Amino acid sequence: MNQFEMVVLIVAIVMITGVLRSLLGVRRSGKRGERPAVQEDAETRRLRDEVKQLKDRLAVIERITVEKENSLEREIERLRDQ
């Protein structure tokens, strides 16, 4: 086996391995000591809950702001009418 055949064989093995990994859904861990997928799912759920809470708080703040603008506008109109 010459050098060219060896390189082609190595490239083919790497490509086949990559295809099999993607078909089986195996993830490559980039770092050592990386957290397991279960903890990542828990972290993801926690972050989603936090984002939902922040969106709810923002909606309340927007509602309060609009109410204050409307009440201020009504108060100005009431004072003009007097």
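Student: Why is Met 6 called partly exposed?
Tutor: This is a predicted model, so bear that in mind. Met 6 has 41% relative accessibility, and buried means under 20% while exposed means over 50%. Its value falls in between, so Met 6 counts as partly exposed.

Student: How do you know that the span of helix 1 agrees with its number of residues?
Tutor: Helix 1 has 22 residues (3–24), and at 1.5 Å a residue they should span 32 Å. The end C-alpha atoms are 32 Å apart, so the two agree.

Student: What makes Glu 43 and Arg 46 a salt bridge?
Tutor: The cut-off is 4 Å between a side-chain nitrogen of Lys or Arg and a carboxyl oxygen of Asp or Glu. Here the closest N and O atoms are 2.9 Å apart, so the pair qualifies. Glu 50 also bridges to Arg 46, at 3.2 Å.

Student: And what makes Arg 63 and Glu 67 one?
Tutor: Their N to O distance is 3.9 Å, which is within 4 Å, so it counts. They're four residues apart in helix 2, so about one helical turn separates them.

Student: Which residues do shared partners join into one network?
Tutor: Glu 43, Arg 46 and Glu 50.

Key. Residues numbered from 1 in each chain as written. Predicted model: local features only at pLDDT ≥ 70, side-chain atom pairs only at ≥ 80, totals over all residues. Heavy atoms only, no water. Helix = DSSP H or I, 4+ residues; strand = E, 2+ residues; numbered from the N terminus. Expected span 1.5 Å × (residues − 1). Buried < 20%, exposed > 50% of the residue type's maximum accessible area, 1.4 Å probe, protein only.
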